[in-house]
Amino acid sequence: MLYDLHELQRSFLSPLATFSSHSAQLLTNPYSPWAYTPMAKQLAAGYELMHRLGKEYEKPTWDVHALREPNQHIAVHQQTVHTTPFCHLVRFSLAQPSTSSRPTVLLVAPLSGHHATLLRDTVRTLLQDHDVYVTDWVDARMVPLAAGSFHLNDYVQYIEDCLHFLNTDVHVIAVCQPTVPVLAAVSLMAAKQHPNQPKSLTLMGGPIDARQSPTQVNRLATTKPYSWFEDNLIHRVPARYVGAGRRVYPGFLQHIGFVAMNPDRHVSSHYDFYQHLVKGQDNDAEAHRRFYDEYNAVLDMPAEFYLDTIKVVFQDYALPKGTWFIEGQKVDPAAITRTALLTIEGELDDISGLGQTEAAQHLCQRIPQAKKRHYVAEGSGHYGIFSGRRWRQHIYPQIKAFIHQHA
């Protein structure tokens with residue numbers, strides 16, 4: 001019922017958002033006489049702000065078309081190489097063949113509200129030295145009921161399938177939420193002595209052991225019973241979508257949660273955006289647009305996957321406690337011996353606290369010490385460990401060197 005009410009609200013806001021957009025253009029177009037009236041800039045800024053607050057945000061494009069090298073631009077090919085109902089495996093590679101060997105990286109994107117395109121900066125940077133494959137998760141409201149359910153264990157199986165599909169020396173990088181299922185997948189493959197175990201595994205800012213330095217996210221999961229999440233956050237997709245009737249954790253509820261974590265910062269950001277428009281500071285205004293075009297674009301998560309994650313990761317701590325079984329087989333990171341391990345945490349991460357990712361170092365006790373490393377990015381928050389200046393200048397060089405060492 002709540003999802004239907006949300007759709008009804010959207011239908012009412014859509015004409016207002018369109019009107020606001022046209023009004024803003026009318027007051028800023030140099031060929032419009034209204035652009036030269038008193039208060040035109042203030043009114044236009046107000047209309048654009050209203051438009052952005054009321055519009056519906058679609059999934060952004062990857063927009064990774066070229067790699068900028070000194071004195072040249074190298075075109076980038078994007079290709080979907082493997083498709084399942086809930087995920088597409090997308091490959092990014094250089095159109096111009098490289099004269100040197102380029103390691104293959106499987107970048108596992110989070111299935112936690114935002115689209116995989118949130119890792120756009122990660123992909124661009126990795127492409128400098130690697131061929132990159134990315135898990136591009138499908139919005140659950142666009143998956144028909146006939147495709148069946150999708151559990152946390154299915155996520156683990158999908159990672160195994162991707163590694164089997166690539167069938168080559170692969171270096172896996174997991175960002176945030178997927179650190180847990182990726183470590184589980186590699187653990188199961190190691191226990192079965194699977195030939196396609198990855199050469200290296202990089203885990204970044206994820207809740208391997210959510211008991212360490214609990215954050216607001218962890219506290220929410222532990223202060224509410226499992227039934228509360230199922231009763232209050234799970235809804236059925238309305239009839240207008242392909243996945244009509246599917247039980248999901250809706251993207252709009254997730255977005256409310258994201259904003260509620262730092263409401264003052266978002267209010268301040270939108271006020272600054274208004275001021276940038278009034279003052280004609282186009283670069284700052286465009287930076288705001290780019291950020292919120294991505295931040296406000298959210299997807300629905302399959303209900304089974306979300307509820308499994310709450311229970312297995314945040315309430316039972318099944319991975320660090322050794323109580324997680326998939327199809328009768330225990331998930332035991334101690335089975336890993338061949339894969340090198342790099343864990344990365346942000347000093348100021350307010351999503352996955354310090355020590356949560358490092359816990360993998362202790363769980364993977366049979367990996368030789370020479371093949372293990374932990375790195376804390378000073379001054380970096382959660383998003384800073386995979387996007388932005390600190391990612392490009394400080395964190396990526398650590399990953400590049402680690403992959404090169406264990407290629």
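Setting aside neighbours within four places in sequence, Val182 makes contact (heavy atoms within 4.5 Å) with Val108, Ile159, Val172, Ala174 and Leu201. The model is predicted, so local features need pLDDT of at least 70 and side-chain atom pairs count only at pLDDT 80 or more, while totals for chains, interfaces and linings use all residues. Residues are numbered from 1 along each chain as its sequence is written, and side-chain values use heavy atoms, with hydrogens and water left out.

Val182 belongs to helix 5, residues 179-191. Helices (H or I, at least four residues) and strands (E, at least two) are DSSP runs numbered from the N terminus. Val182 counts as buried because its relative accessibility is 0%; buried means under 20% relative accessible area, exposed over 50%, and partly exposed in between, with a 1.4 Å probe and protein chains only. From Val182 to Arg247 the separation is 65 residues in sequence and 24 Å in space, C-alpha to C-alpha.

The whole structure has 0 disulfides, a disulfide being a pair of cysteine sulfur atoms within 2.5 Å. For Cys87, the closest cysteine sulfur is that of Cys162, at 6.2 Å, which is too far for a bond. Cys87 is buried, at 1% relative accessibility, and Cys162 is buried too, with a relative accessible area of 0%.

An unreviewed UniProt entry lists residues 205-406 as "domain: PHB de-polymerase C-terminal". UniProt positions follow the numbering used here, feature names are shortened, and annotations may be inferred rather than shown by experiment. In the model, residues 205-406 are 48% helix and 12% strand, and the end C-alpha atoms of the span lie 21 Å apart.
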